[in-house]
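Have the model open in your viewer with residue selection ready. Each stop below tells you what to pick next and what is there.

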Amino acid sequence: MLFLLYNLFISPVNFDEIWSYGFAYSIGKGYLPYKDFNMVITPFYPFFMSLFLKIFSSNILTVDIVFSLLLTFCSFLLFRMFKEKAYLIILFFFFPHNFSYPNYNTFMFILLIIILYIENKEKNIFKKIDNDYLIGFLIGICILTKQNIGLFLILPSICFFHKNKGKLSKRFLGLSIPLIIFLIYLIISKTFFYFIDLCFLGLFDFTGNNNGLDFYFLISLILIIITIIFIIKEKDKRKVLTYSYVLAFYSILIPIFDFGHFFEAFRAFIIILILKNKRIFFNYKIVVLLIIFLMGLFTFQTNINGGKFIFPNKLKDFNYRLIDEQSLEFIEEINNFINENASQEIIIFTPNAFFFKINNDLKIDKLDVINKGNWGINGSKKILETLRKKKNCLVIIAKGELDKSSQMDKKALNYVINKGKHVKTIRIYDIYYLN
C-alpha cells in the first residue's frame, strides 16, 4: 500500500510515467510500436502493462495498482534475501527522488532482484521449473524490456558457467524462448526494420544527449571501479556472481549518464554494500521510514506551490493521478483549444504530448516524441522530412523546450517557428499554423 498511496497522494504525475503509460496505452489500442509510434526500448514492459489496461481499464490507475503489486513482490524477495536490511534498498525507491512510479527502469530492477533470488536459492518459488531454464527465460525478458541491460545480464552466466555446458545450454534455451516469440511478432507485424532503426541505430543520436556527462560519468565510473575491486577481492563465489549481476545492471547508465539513471544503478550497488557489511550500527528501519516520510512531506509541499490538489479530478484516464489545481486549469484551456479545432490535425511538440492525446482521444503517432535518439539514425533529418509534408495543421510548442537542457529536437521546433504562422499563445504554449 505504501507504493500505491505514495504515488496517488504524494508524488504528482511526471513525464516519464506518462511516456511509459502512453506506450502501454497505445499498444492496448492496437497501434504497432516502432511503426505507428516511437519507442527506443524493447517492448515487454508496455506489452505486459497493456494486458491489464485491456482487461480492466485504460485508466492510468490500473498501471499504478499493478506496478505497486510488483514492487510489493520485489520487497518480499528483498526481505527474504536481506531481512530488515532490505529497508536500505527500498529507501532508494523514494530517495533522493521518487522512483516508485510505474516505469521500465524500475521494472528492470524488479527483474534483477528475481534473478538474484533464484540464483541464491537451491529451490526457487516456482518449484517445478529448473532454475537454469527460469533464469535464462528471465534474462530473455530483461532483453525484451531494455535491450542494453538484458544483453549485459547474459555475461555473468557465460563467465561463471562456461565450463558447465549443460547448465549454460539450459540458460540459453530458456533465453531463446521469449526472443524467438518476439522475432516472430516483428516479422508478422512487419516492424523488424523499424525496430532495428529505433532501438539500435538510434543510439548513435542518443549519445549526444548527455547534458550531465562530466559529473555523472565521473561518479558512475567510480561506482564501476569500486564494484570491480569488490569482485576481484571477494572469495565467496556466490557473492561474486551477485556482484557481477549488479555490475551488468550498471549498463542502465548507457547511453545517458544523468541523475535518474545514476541512482537506478546506485540502488543496485546497495545490494553489494549490504553483502559486504553484515553489521549496521544504527536502527536503519526507523531511519529509512523517517526519511521516506520526510521525502514524501517535502515532495508534497514542493508541488503544492501555494495551490491545492483536486482528487479525483475530471481528466479522462488521469482522474486518479495527483495534479494541482493550477495545472488542471491550464490543461482545460489546452483541451478546449483542441476540441475547438477538432477538424484540423494537431501536432503537439511538448513533453506532455501523450497526456493531451490520451486525454482527448487522439491517435498517438511518431511526432508525439521528437526527443534526440527517438527517431532512429539521422532522426533529426527524418523529423524535418515528415514536417515538410504536413499541410493545414496546427502545432503546439512549448518554447521552453528550446533550452539546451531539453531533449527535444531543436531543428524541428525552429522549423515550425520559422515556417509557421503564430496564431495563439496559451500561457507557456505557442500555437503555429503550418500551411
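**Stop 1: a helix pair.** Select helix H4, residues 60-82, and helix H6, residues 104-119. In this predicted model, their axes come within 10 Å and cross at roughly 35°. The crossing of H4 and H6 is left-handed. Now show the side chains in the contact. H4 contributes Phe67, Leu70, Leu71, Phe73, Cys74, Leu77, Leu78, Arg80 and Met81. From H6 come Thr106, Phe107, Phe109, Ile110, Ile113, Ile114, Leu116 and Tyr117.

**Stop 2: glutamate 119.** Stay on H6 and pick glutamate 119. Which residue does glutamate 119 form a salt bridge with? The partner is arginine 171, with the closest N and O atoms 2.7 Å apart. Glutamate 119 lies in helix H6 and arginine 171 in helix H10, residues 165-189, so this pair ties together parts that are 52 residues apart in sequence. Glutamate 119 has a relative accessibility of 12%. That counts as buried because the cut-off is under 20%.

**Stop 3: arginine 171.** Centre on arginine 171. Is arginine 171 buried or exposed? Its relative accessible area is 3%, so arginine 171 is buried. Arginine 171 also forms a salt bridge with aspartate 132, where the closest N and O atoms are 2.9 Å apart. Here the link runs from helix H10 to aspartate 132 in helix H7, residues 131-143. The two residues are 39 apart, in distant parts of the chain. Aspartate 132 is buried too, at 7% relative accessible area.

**Stop 4: a pair within one helix.** Move to helix H15, residues 259-276. Select glutamate 264 and arginine 267, which form a salt bridge with closest N and O atoms 2.9 Å apart. Why are glutamate 264 and arginine 267 separated by about one helical turn? Because they sit three residues apart in H15.

**Stop 5: the network.** Select Glu119, Asp132, Lys167 and Arg171 together. Salt bridges that share partners join these four into one network. How many salt bridges does the structure hold? The count is 16.

**Stop 6: a surface patch.** Switch to a surface view and select Met1, Leu5, Phe9, Phe311 and Tyr320. These residues form a nonpolar patch on the surface. Together they have about 480 Å² of accessible area. Finish on phenylalanine 311, in the loop between helix H16 (284-304) and helix H17 (325-340). With a relative accessible area of 30%, phenylalanine 311 is partly exposed.

Conventions
Residues numbered from 1 in each chain as written. Predicted model: local features only at pLDDT ≥ 70, side-chain atom pairs only at ≥ 80, totals over all residues. Heavy atoms only, no water. Patch = residues over 30% accessible without salt bridge, like charges linked within 9 Å, V, L, I, M, F, W, Y side chains within 5 Å. Areas by Shrake-Rupley, 256 points an atom, 1.4 Å probe, with all protein chains shown as cover. Salt bridge = Lys/Arg side-chain N within 4 Å of Asp/Glu carboxyl O. Helix = DSSP H or I, 4+ residues; strand = E, 2+ residues; numbered from the N terminus. Buried < 20%, exposed > 50% of the residue type's maximum accessible area, 1.4 Å probe, protein only. Axes fitted to C-alpha atoms, helices over the stretch in contact; angles between N-to-C directions. Left-handed = near helix turned anticlockwise from the far one by under 90°. Contact = heavy atoms within 4.5 Å.
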